[in-house]
Amino acid sequence: MALFSRSFDREKTLRQAEKHAQQGKLEAAIKDYELVARTDPRDVTIANILGDIYQRVNRTQEAAGRFAMVAEHYVRQQQLPQAIALYKKIIRLQPDQPEYSLALGNLHRKQGMVADAKQDYRNAAEAARRNGTRETLISALRELAKLDPGDGQVKRELAEVHLRSGQRTDAFEQFLAAGAALRRQQDWEGSLGAYDRALSIRPDSTSALGGYAETCIAAGQALLGCERIRQQISQTPNNLELAVVLGRAYLQGGELDAAEATFDRLFAIDQSRFEHCLEVAEACVQREAFDRAVHIVRSLLNLILDRGQKKRATAILRSILEHHPNHIPTIECLAQVYEQSGGKRKLASTLDLLSQAYLDAGREADAIRALEQAIRHQPSRKARQRLKALAGHKADDPAPAAAMSFPEGFESPSAAGYYDRMTAGATSPAGTTPSVERTETTSGEYSIALLDSLLVQNPELMQARLTLVERMVAAQPDVLETRLQLKDLYAEARRKTDAAREAMVLAQMYQARGDADKAAELQAEAISLDPNAALLPATPQPLPVAAPLPPAIPLSFEVPGGLANLLTGSRAAEPSGAGRLSDLLTLAQFQKLHGREWNRAARQGYPLTLCLAQLDFFASYPAAFRQPCLEVVAGLFDAQLAPVGGMAAYDPGEGFLVLIPDADAEQGRERAEHLCAAIQQKGIPHASSPHRVLTLSVAVTSDLPLFEGMPFDKFVSVLRDALAQVTTRGGNLVTVVPAAYRRP
């Protein structure tokens, strides 16, 4: 039987309902209006009338339901002031229903009325506590925490509710956030209590133990925090990350000896963690224990250079010189760094500085020796004059033989012989390859020293010098120093195309020798000299080696286990299937989640942010190291998204997909930038990337759902197109895409 007969007359029923209402027959009017409402449930006018009549007969629950329907309609139409007015009316009728206060708080927040929104969320939380509705209480407390991130008590309560609901991961993250917030408020007892609760969930958490130690140090109880970490280490001795936390806790507490001993033991187990010893050196510099800092750097110098940490080591040494410019051990160590790394110009200037420091300390013999070494690496008239004045006599080079006539600067017998050999080499038949013996006796370093001396004495001989260097390169094309000199001479002579060609040749030679950084630098220089440098015929002659050189790969890959230690730390020993990557959603799961969250956002009226992220140049990343790399990146995604309730998925074809409920475009962009920064700061080597480390590109879009149902593929397609444009600009960028899809 049909609910309504075909003879139903809507207009007649409405007139009858209005008549009953005017006559005060409210129950009869309700029946008539309900009959009309069933024929068109979306008629908000009828719903509003029914709400008013329900209110008059004190049927408050039914009135609130009708008014809520009208308010949701106003939200969908973006008529927020009207919706706010209706929700206030509803709350007066039903003050114990927390969902209405929560909805009103969301509207006030969207209108920028932060104080009103906070009060609404507090009212919702209070009502939820009385009613025992945990889900609404969690939502209200989460919103309060967003509006007031420094309120540690709110975060603590939110964590407790999560724990009572069985949501242990969310509870753990909120306890950590509460501990940090309460520490900033100098509520030491509350902060330690929050970290204790976090440790009750994950006793071996380095984050919780580190936060606990930081609070103890701030409260003047450093030993208490260190003792807590030591107790956990005794229970889980194989967790090396706890040793890192303990060492850093000692550093923050000013216990340099204990910190150094801890990191020394860690280094003995895993040498890839030598950087923690450098943290001790940096702390020693701050305490002005300069000799101790230099000793640490010098003891690790070979490992520092092998692992590509020269910049950090030189930064430590230079920070000492800022405090103590004539600290001889520091300058000696700095010279050793440049000598082992091949930085001849910087070595020469450092040796010059060292000679002055020796002289100021009254060590004249050492000063002369350092200055002689500086001149050998980079001859200059000023340095020779200083050496002459310091030594108190002229250089004892013999005068040239009368029967021989060589260019000025090649007067000594050894130099004369060198000039003879180079001239013979330059005029040798084409295709002749210099012997190994000649290569050893005519080093590029010695030839450059002679030519520098020649130019210092006779600047007008620039063209002659250029011609001679061209002959040297023709005779010995594999001498890097000579080619570098030729490139610089071409640049000085404004022969930019020739300089660009030499730069491209050098780039290929350095790439073949495994120095990818220097190769990239030279390629950039070549393009700056001549935009068409890549098209120049610049193929260097093959190097005279018996076996092919290894491919150019990041330094960390050259040491067995180096990358695994860098990327995964103590997780390296886990089974291949373990890790954070397996915790992420699949693409199919993510699509279902997106549809569910979209419909929920459409019903409750909050925005939804979707991101697509891809690792830059990951197709060229070494295949053997992709899985551990993805494990680390997945862990960073988890750490960055957990505080904001975000969820992530990974698909080999698409990359990483991120969903952040109740976040607008600006909030999504900010979270994406945090992700990019976290991955770049991790410092995972990537030789094929122009950034030299692994980076991330992210496309972000946000929309306020106005209807249920969303074409997920269309959304992802828009993000994919935007991400392709970011990648062509070099990556490591975040782009915000307009709302991807709306129903007209």
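A residue counts as buried here when its relative accessible area is under 20%, exposed when that area is over 50%, and partly exposed in between (1.4 Å probe, protein chains only). What you're looking at is a predicted model, where local features need pLDDT of at least 70, side-chain atom pairs count only at pLDDT 80 or more, and totals for chains, interfaces and linings use all residues. Residues are numbered from 1 along each chain as its sequence is written, and side-chain values use heavy atoms, with hydrogens and water left out.

Let's start with the overall layout. The protein chain has 35 helices and five strands; these are DSSP runs (helices H or I, at least four residues; strands E, at least two), numbered from the N terminus. A contact means heavy atoms within 4.5 Å. Among contacts between residues at least 6 apart in sequence, 60% join residues at least 24 apart.

Now pick out helix α14, residues 240–252. Its end C-alpha atoms are 19 Å apart, which agrees with the 18 Å that its 13 residues should span; the expected span is 1.5 Å times one less than the number of residues. Because 10 of those 13 residues are buried, α14 is largely enclosed by the rest of the structure. The buried ones include Leu 240, Val 244, Gly 247 and Tyr 250. What do they pack against? The buried residues of α14 pack against α12 (206–218), α13 (222–235), α15 (256–269) and α16 (275–286).

Follow the chain on from there. After α14 comes Gly 254, with a positive phi near 80 degrees. Glu 255 sits in the loop between α14 and α15, and at 40% relative accessibility it counts as partly exposed. The C-alpha atoms of Glu 255 and Ala 222 are separated by 9.4 Å, although the two are 33 residues apart along the chain. Glu 288 is exposed, with a relative accessible area of 55%.

Next, a pair of helices: α17 (290–299) and α20 (328–341), whose axes come within 9 Å and cross at roughly 20 degrees. Axes are lines fitted to C-alpha atoms, for helices over the stretch in contact, and angles run from 0 to 180 degrees between N-to-C directions. The angle makes α17 roughly parallel to α20; under 35 degrees counts as roughly parallel, over 145 as roughly antiparallel, 65 to 115 as roughly perpendicular and the rest as oblique. The residues in this contact include Val 294 and Arg 298 of α17 and Cys 333 and Gln 336 of α20.

Further along, α33 (626–641) and α34 (665–682) pack at an angle of about 140 degrees, with their axes 10 Å apart. These two are therefore oblique to each other. Among the residues making the contact are Val 633 and Phe 637 of α33, and Leu 675 and Ile 679 of α34.

One last stop is Asn 732, in the loop between α35 (712–728) and β5 (734–737). Asn 732 has a positive phi of about 60 degrees although it is not a glycine.
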